[in-house]
Amino acid sequence: MKVFVSGCYDLLHSGHVEFFRQASQYGDLYVGIGSDATILSYKNHKTLYPEQERLFMVKSIRYVKDAFINQGSGIMDFVPTVEALKPDRFVVNADGSSEEKRRFCEERGIEYIVLDRTPAEGLEARSSTSIKQTLASEVKPTENVGIPTRLDLAGTWIDQPYVSAYAPGWAITISLLPTFEVRERCGLSTSTRKQIQRIWPVRLPDMDPEMLAKLVFCFENDPERTDGIISGAQDAIGICIPGLCRHYYNAHYWPERIESCTDEPILHWLEEHLCMIPMFPRRQGCSVIQGKVVNETHVKALAEAADRCWQAILQTDLEAFAAAYRASFVAQITLFPAMLQPGVQDYIDRYAPLPDVLAWKMPGAGGGGYLALVVTDVTTFCRQHSEAIPLTIRRK
């Protein structure tokens with residue numbers, strides 16, 4: 001009986017070994033390993049260990065019959081390996097399961113087995129994400145280490161004049177320390193961060209945050225740009241202004257007003273209830289503005305949700321915050337339905353029913369990236385879901 005599993009195994013740890021042990025109980029275990037090229041393309045970062053070194057390590061584990069470098073690409077890079085190997089069973093972890101994989105197995109008569117992620121007896125639970133978070137855990141919220149990123153909480157798209165022309169409103173952002181891998185094309189302003197790094201490669205300069213944000217906005221939106229795209233100001237503002245921030249747009253690229261909150265209890269409260277789930281990068285050629293439905297009714301709904309979201313945060317009212325957060329996301333995808341690219345709904349369907357999940361949205365323009373969740377308690381949720389990423393808001 002041939003059993004197949006697939007993964008990157010770039011940061012090999014005891015959780016992987018235990019997964020191999022459990023999978024090998026179903027038959028002779030064969031492992032497909034993501035290639036360097038696939039990981040660079042799909043996850044937008046280079047591997048810690050090159051593919052031949054990862055292949056050597058995986059083959060050396062006693063539960064593994066044999067291992068191969070997958071020749072495909074993307075999340076389904078294992079397809080050529082499976083076609084050649086013809087396994088009887090395909091085993092995945094619960095957080096790596098998808099309907100696409102299930103359908104793939106059904107079409108080929110392969111038994112599809114989903115395992116809960118459990119540690120080996122006497123050991124702590126391990127995941128590549130949690131290890132990366134541990135390595136970054138010594139970064140303090142008050143330290144200006146690396147170029148921050150931003151998470152938009154509500155009002156996304158209102159910073160585009162063709163949207164706010166129908167109804168003025170606020171966009172709400174938080175500035176985040178890069179305590180996790182900030183993947184490209186995932187809604188976390190990586191294009192703006194790259195522009196910043198062209199001037200300040202290591203950290204932001206010590207200057208007035210609002211003036212800094214305007215400098216970044218003007219630098220990124222060079223009038224000589226030939227693509228005709230103007231990046232929204234919320235990216236520069238969300239990165240450069242610490243803490244929680246809202247900015248008011250009224251048919252112009254730069255907001256009429258900017259208000260920020262660095263109240264420690266409020267920022268700590270947000271950190272207790274916000275986390276992110278990695279999905280997949282927005283695909284090349286994807287247009288999230290295709291089929292947009294921008295009108296007064298929809299933009300007013302977006303603006304009203306942002307108003308409610310701000311008030312709920314200041315009052316640390318979790319129920320009201322979650323309701324406004326959901327309403328803002330509904331307004332966004334009503335305006336721009338193409339934000340929900342194929343595969344996004346699968347993630348929403350997986351996490352939305354969980355009792356600890358109160359609300360969800362995609363950062364930035366959507367199309368993929370991350371699922372940003374409002375949960376009852378981040379510590380508990382991240383312990384139960386090792387793929388979840390806790391957030392650290394920049395204080396200064």
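1. Before anything else, a term: a residue counts as buried under 20% relative accessible area, as exposed over 50%, and as partly exposed in between, using a 1.4 Å probe and protein chains only. With that in hand, Lys361 is buried, at a relative accessible area of 0%. Keep in mind that this is a predicted model, where local features need pLDDT of at least 70, side-chain atom pairs count only at pLDDT 80 or more, and totals for chains, interfaces and linings use all residues. Numbering runs from 1 along each chain as its sequence is written, and side-chain values use heavy atoms, with hydrogens and water left out.

2. Staying with Lys361, this residue sits in strand 11, residues 357-361. Helices (H or I, at least four residues) and strands (E, at least two) are DSSP runs numbered from the N terminus. What does the side chain of Lys361 make a polar contact with? The partner is the side chain of Asp152, at 2.9 Å. A polar contact here is a pair of N or O atoms within 3.5 Å; within protein, one must be able to donate a hydrogen and the other to accept it, and residues adjacent in sequence count only if both atoms are side-chain atoms.

3. The surroundings of Lys361 are worth a look in the viewer. Contact means heavy atoms within 4.5 Å. Leaving aside neighbours within four places in sequence, Lys361 is in contact with Asp152, Leu153 and Thr156, with Tyr325, Phe329 and Gln332, and with Tyr370, Leu371 and Ala372.

4. Now the chain as a whole. The secondary structure comes to 15 helices and 13 strands. The chain is as compact as a globular protein of its length, because its radius of gyration is 22 Å, close to the 21 Å that the globule rule gives for 396 residues. That radius is taken over C-alpha atoms, and the rule is 2.2 Å times the number of residues to the power 0.38. Along its principal axes, the C-alpha trace spans about 65 × 45 × 45 Å.

5. Of the contacts with a separation of 6 or more, 71% are between residues 24 or more positions apart.

6. For the surface, the chain exposes about 17,700 Å², and carbon and sulfur atoms supply 51% of that area. The areas come from the Shrake-Rupley method with a 1.4 Å probe; for residues, only the protein chains shown count as cover.

7. His247 is another one to click on. It is found in strand 8, residues 244-249, and is buried, with a relative accessible area of 0%. Its side chain is joined to that of Tyr249 by a polar contact of 2.8 Å. Beyond neighbours within four places in sequence, the residues in contact with His247 include Gly169, Trp170, Ala171, Gln234, Pro255 and Arg257.

8. That brings us to Ala171, which lies in strand 7. Is Ala171 buried or exposed? At 0% relative accessibility, Ala171 counts as buried. Its contacts, again leaving aside neighbours within four places, are Ala154, Gly155, Ile158, Gln234, Cys245, Arg246, His247 and Tyr249. Ala171 and Pro255 are 84 residues apart in sequence and 9.4 Å apart in space, C-alpha to C-alpha.

9. Two backbone spots to check. Most residues other than glycine have a negative phi. Arg185 has a positive phi of about 55° although it is not a glycine; this residue is in the loop between strand 7 (169-176) and helix 8 and is partly exposed, at 25% relative accessible area. Thr316, also not a glycine, has a positive phi near 45°. Thr316 is found in the loop between helix 12 (296-314) and helix 13 (318-335), and is partly exposed with a relative accessible area of 36%.

10. Met207 lies in the loop between helix 8 (190-199) and helix 9 (209-220), is partly exposed at 31% relative accessible area, and touches Leu212 and Leu215, not counting residues up to four places away. Met207 and Pro363 are 156 residues apart in sequence and 27 Å apart in space, C-alpha to C-alpha. Cys218 lies in helix 9 and counts as partly exposed, at 45% relative accessibility. Cys218 and Glu272 are 54 residues apart in sequence and 34 Å apart in space, C-alpha to C-alpha.
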